[in-house]
Amino acid sequence: MENSEGVKIESTVVTEEPLISALDIALFVVIITVAYFWYFKRDKQSSSSEKKPYTIQPSSLSSIEQTSNSSFIKKLKSTGRSLVVFYGSQTGTAEEFAGRIAKEGARYKMKGMVADPEECDMADLVEMKEIQKSLAIFCIATYGEGDPTDNAMDFYEWLQNGDADLEGLNYAVFGLGNKTYEHYNEIAIYIDQRLEELGATRVHEIGLGDDDANIEDDFVTWKEKLWESVCSHYGIEETGEESNIRQYKLVDCSEVLPERIFSGEISRLKSYENQRFPFDVKNPYLSKIAVNRELHKSGDRSCMHIEFDIDGSKMRYDTGDHVAVYPKNSSELVDKIGELLNADLDAVFSLLNTDEESSKKHPFPCPCTYRTALTYYLDITSNPRTHIMKELIEYASDPKDQEKLKLMASSTPEGKKEFHEWILRDNRNIVHILEDLPSVKPDLDHLCELLPRLQCRYYSISSSPKVYPKSIHITAVLVNYTTPTNRVNKGVATNLLAQLIPTNDELPQPTIPIYIRRSQFRLPPKSQTPIIMIGPGTGLAPFRGFIQERDYARKEGREIGEMVLYFGCRKKDEDFIYENELQEYVANGTLTKLHLAFSRDQPEKKYVTHLLEQNADELWNIIGEKSGHLYVCGDARSMAKDVHSIIVKVVMEKGQMTNSQALNYVKKMEQQKRYSADVWS
């Protein structure tokens, strides 16, 4: 039947039932029981939660062990230490710097320890004043769009939301950032200021390391002045003793059963054989390579379109997220180290922390073979830092090699120049150093302790889960280049990916460990909101996902806003990636406009920034008059900066604003997530 407004109404037969049924009584009893247990459990835990408002505890420990291990104050007191160095690290550099500072503390009669804020009760900072001549140092990295590192996120939020009295806490901060990014060292600067606001005493001014220049030089320069300030503040003197003390000791594991030996797993033994959800940084998913095809049509460069199969993994991603890929070093480089050091790479060993109180028992999963460590766990392709030069001195039998290492390890102007030219400019890695200084023969276990951890590589996901829920796509340029010493350096991840070509169904498909990292690079909540996307080269990657998602919405019958894409490459006939796809989206109306810049197809180079300047009216119409969103992806050093300058200029001219007003307008766009950047240097 229908009512007077034409709405259908279902007819219902009503029968009489008892007011309270047996089911009602049963549900009532269950609710009362649950409420009773919840109330008394909450009451029992209330006192401890009030005393400890901020606690991050390792998941692998029992509750008693967790409480004990989260208190860094107890560790300091029980071991007679006065220095604690916290690190906020995404790639391992901040953790490495923290270890170097803690180690040097012994030269100033300050026994130190390194601490991960994620594993500590940071509210205990209020008790640092109880330890005589105590000092807390923070080595804090900023990544993304001014974000804290994953392990420093809770500490950052605690500082933002808390009002602890930190009077009596002595501190210093060193930040790790990159000047090509807008939010340069933002987290370190905030922590430095916030600690002072809460009553703490700054012992030494903040240090700002720039990874785009020479962050090692920035760190060493700051560290030297730090110790001068420490000596002045506490009235102490340097002992003059060099501290080349090993942090880890070698353990012979030749008798360990094969099933107890790590073979490349990131955390849990046999995790690749027995995969368990959820998958994250410590538990990646071993994904099959479903597709690996070349995108460049010609030329001597390569750009790969790769699809990771995530069917059955329960992994979910959003358009704009990143996928982390765990690479491995080439067997050629690994074998070369074995040859240079005359070492048995298949010997099983373990490195055990000499500090029994440290929560980090091993520098990487142990026990394992040297071959496994050098292949999966250690970075053997990056430029070693000065502290490694210093540690190698004792292994040089040739006085000339020894003097060269001493010079590069020093902080003199001559030493810094030599390190910059011989290591950084000539792009030498540890293999090259051992080749060019043949008398240097370090113990392999010590070298494994010194080398930084091999880090995963992040790629913008170039697909939409609406269209590809069972796979993740990436767009990656193969990295190969010749160094000034005529050596060919190869990108660790891209050269590995290039080898992982799917075969026919009868053979096992190639696999690689991955996990998903969430991003703030997001489409507007409303599909009708107009957007401008600026992504030359592989900067197109996330926008391919954006376009797919809007196309999906259009096919569902939903209204979609204007989509304007700026794309650029060298030559149309060589590296115009995804050309057919983009032209199809233009033809079906999903992509409103496609602005193309081929820099080398004409005498004068032409870039996307030139097109932006030419299309000022269109730009202002979308971001000004229609409150649309603007996205930039690609090179941070030049392209993203140039785009920002053009946007400010357009806002000034078309919005009739002063320079100051235009800058504030663009800043507000960023705060409202209407201006987003996913860039790299």
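Which side chain does Ser460 join through a polar contact of 3.0 Å? The partner is the side chain of Asp678; a polar contact is a pair of N or O atoms within 3.5 Å, and within protein one must be able to donate a hydrogen and the other to accept it, while residues adjacent in sequence count only if both atoms are side-chain atoms.

## Basis of the model

This is a predicted model, in which local features need pLDDT of at least 70, side-chain atom pairs count only at pLDDT 80 or more, and totals for chains, interfaces and linings use all residues. Residues are numbered from 1 along each chain as its sequence is written, and side-chain values use heavy atoms, with hydrogens and water left out.

Ser460 belongs to strand S14 (residues 457–460); strands (E, at least two residues) and helices (H or I, at least four) are DSSP runs, numbered from the N terminus. With a relative accessible area of 10%, Ser460 is buried, a term that means under 20% relative accessible area (1.4 Å probe, protein chains only). Beyond four places away in sequence, the residues that Ser460 touches include Asp321, His322, His473, Cys633 and Asp678; contact means heavy atoms within 4.5 Å.

## The parallel sheet

An open sheet of five strands has the order S21-S20-S19-S22-S23, with parallel pairing. Two strands pair if DSSP finds at least two bridges between them. Strand S21 (593–598) and strand S23 (675–680) are the edge strands, each pairing on one side only.

Strand S22 (residues 629–635) runs parallel to S23 and is joined to S23 by six bridges.

## The largest nonpolar core

The largest nonpolar core has 41 residues, and Phe364 and Leu374 have the most contacts inside it. Such a core is a set of buried Ala, Val, Leu, Ile, Met, Phe, Trp, Tyr and Cys residues joined through side-chain atoms within 4.5 Å. Elements that give two or more residues to this core include helix H8 (331–340), strand S12 (348–353) and helix H9 (370–377).

In soluble globular proteins, nonpolar side chains tend to be buried together.

## One face of helix H5

In helix H5 (residues 153–161), Phe155, Tyr156, Trp158 and Leu159 are buried. Seen down the axis of H5, these buried residues fall within an arc of 160°, so they line one face of the helix; the arc is that of the directions from the helix axis to the C-beta atoms. Strand S3 (135–143), strand S4 (147–148) and helix H6 (186–197) are among the elements that cover them.

Note on methods:
Buried means under 20% relative accessible area, exposed over 50%, partly exposed in between (1.4 Å probe, protein chains only).
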